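Biologist: I would like to learn how to read a structure such as this one. Could we go through it feature by feature?

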Amino acid sequence: MADVPEIGTKGKEVEEADSATAKDLKVDSSVSDKTTVGQRICDTDEKEDGNAPEPIKLGKRKLEHESEESPVKKAHTETVAAHYNKLEEVGLEQRSLSRIFYLRNFNNWMKSVLIGEFLNKVRRRKQNITVLDLGCGKGGDLLKWRKGRITKLVCTDVADISVQQCKQRYMDMRSRGRSNDRIFSAEFITADSTKELLSKKYNDQNMCFDICSCQFVYHYSFETYEQADMMLRNACERLCHGGYFIGTTPDGYELVKRLEASQTDSFGNEVYTVKFQKKGEYPLFGCKYDFNLEGVVNVPEFLVYFPLLEEMAKKYGMKLVYKKTFLEFFEEKIKNEEHKMLLKQMQALEQYPADERSRLASDKKEDYAHAELSKNDEKLKLPFGTLSKSEWEATSIYLIFAFEKQP
């Protein structure tokens, strides 16, 4: 695993880290455990790979259209919305005390680099950029869109309170801006994007998007074919030719691999847990599992079989142009000096060894065994940056993807 730069001490809020300063540190992110970030699970090239993993044992296709929704399906949507509505906004001081402070910052850095890269691709051919934030939550990516100098943003989420908070954050951002600041216009829509057609709700019925961003959300739609298809339709149908559908989602191959390696129907550590309903059978839709991430997520999710998502996207003229595991994406992008600096500013890695003024995120010595091994490397400048093994295991269940709208 590649060496990358480390963060400094805890400072400004993650999303507003432009003025943060940090030491020029190096990081070792190597984790040797086979269930962590050290292994490739999905083939990331469009060509055939002879070392690609064995296919997941899949259950029966459930593609039949159902005449009405069952109470269970309705309850799941309500459960997701209720969970995110209940999450309270907390200050930087409280967030910095979280066991997953660095993990959250690291995931946020991944999103920042992904979003920035595809905004740059669009800007090569046009200046006025319109974006759909599908599953916007409380507006955690608003500053990314501002820094990306977009023109128009549509934010939508199933959780009504989250959408209200997103709108308030946007209004606060506008009111704090200088008179000559260029801030995008925005509209906010509360809707279940797995069951409702968003285009009917836009202020401009003919609006097209250059980018649809769907971060840590799409997997909720894989309850049924109809829901996954509606989510895809909302993401892709209104994209301009050459527009992008980008996002992050759990890696189905990695989840199943870890489950099969477990002695029970669950796996995880002190940071996260994943519990499946049944081990050994993985239907294409409705393969439910409970995911818990310390203090942030505690709701049911559905396994996404990515080759199926890729095939379904063709219906809307979409071609997969990019897919990487989080580890692969990290190792690729950290070679860029600008990305390294952003990593420091966003405090996305933990300083190791800790100095006398701070403490490590984990009290478990084994969580830093990989860092201890690297500490003896004469080429590394101390202190360097890392995540605890528990956090690496949690973040490495995800992958990044990008589809492009074909002419």
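Modeller: Let us begin with a pair of helices: H3 and H9 cross in a left-handed sense. Keep in mind throughout that the model is predicted.

Biologist: How are two packed helices described in general, and at what angle do H3 and H9 cross?

Modeller: Packed helices are described by the angle between their axes and by the distance between those axes. Here the axes of H3 and H9, the latter spanning residues 326–333, come within 11 Å and cross at roughly 65°. H3 and H9 are therefore roughly perpendicular to each other.

Biologist: Which residues make the contact between H3 and H9?

Modeller: From H3 the contact uses Phe106, Asn107, Trp109, Met110, Val113, Leu114 and Glu117, and from H9 it uses Phe326, Phe329, Phe330 and Lys333.

Biologist: Next, sheets. How do I read the order of strands in the sheet with seven strands?

Modeller: Strands of a sheet pair through backbone hydrogen bonds, and the pairing is parallel or antiparallel. In this structure seven strands form an open sheet with mixed pairing, in the order E5-E4-E3-E6-E7-E15-E12. E5 (185–190) and E12 (318–325) stand at the edges with a single partner strand each, so one side of each has no neighbour in the sheet. Direction ignored, neighbouring strands are turned by 15° against each other on average.

Biologist: In what sense do E3 and E6 pair, and over how many bridges?

Modeller: E3 and E6 pair in the parallel sense, over three bridges. Asp133 stands opposite Ser213 in E6.

Biologist: Which strands does helix H5 lie across?

Modeller: H5, residues 160–176, lies across E4 and E5 and runs at about 170° to E5. Helix H8, residues 306–313, lies across E12 and E15 and runs at about 15° to E15.

Biologist: What is the order of strands in the sheet with four strands?

Modeller: That open sheet has the order E8-E9-E10-E11, with antiparallel pairing. Its edges are E8 (266–268) and E11 (297–302); each has a single partner strand, so one side of each is left without a neighbour in the sheet. The twist from one strand to the next averages 15°. E8 pairs with E9 (residues 272–276) in the antiparallel sense over three bridges, and Phe267 stands opposite Val274 in E9.

Biologist: Now the charged side chains. How many salt bridges does the structure hold?

Modeller: Side chains of opposite charge can pair when their charged atoms come close. The structure holds 23 salt bridges. One of them joins the side chains of Lys126 and Asp210, at 2.8 Å from N to O. This pair links distant parts of the chain, 84 residues apart: Lys126 is in the loop between H3 (101–123) and E3 (130–134), while Asp210 is in E6 (residues 209–215).

Biologist: Is Asp210 buried or exposed?

Modeller: Asp210 is buried, with a relative accessible area of 2%.

Biologist: Finally, the backbone. Where are cis peptide bonds found?

Modeller: The peptide bond from Tyr352 to Pro353 is cis, with omega near -5°. Pro353 is in the loop between E13 (350–352) and H11 (369–375). Leu382 and Pro383 are also joined by a cis peptide bond, with omega about -10°, and Pro383 lies in the loop between H11 and E14 (384–386).

Biologist: Which residues have a positive phi although they are not glycines?

Modeller: Arg149 is one of them, with phi about 55°. Arg149 sits in the loop between H4 (142–147) and E4 (152–157) and is partly exposed at 44% relative accessibility. Gln347 has a positive phi of about 50° and is placed in the loop between H10 (337–345) and E13. Gln347 is buried, with a relative accessible area of 3%.

Terms used: Residues are numbered from 1 along each chain as its sequence is written. This is a predicted model: local features need pLDDT of at least 70, side-chain atom pairs count only at pLDDT 80 or more; totals for chains, interfaces and linings use all residues. Side-chain values use heavy atoms; hydrogens and water are left out. Two strands pair if DSSP finds at least two bridges between them. Axes are lines fitted to C-alpha atoms, for helices over the stretch in contact, and angles run from 0 to 180 degrees between N-to-C directions. A salt bridge is a side-chain nitrogen of Lys or Arg within 4 Å of a carboxyl oxygen of Asp or Glu. Buried means under 20% relative accessible area, exposed over 50%, partly exposed in between (1.4 Å probe, protein chains only). Angles under 35 degrees count as roughly parallel, over 145 as roughly antiparallel, 65 to 115 as roughly perpendicular and the rest as oblique. A crossing is left-handed if the near helix is turned anticlockwise from the far one by less than a right angle, and right-handed if clockwise. Contact means heavy atoms within 4.5 Å.
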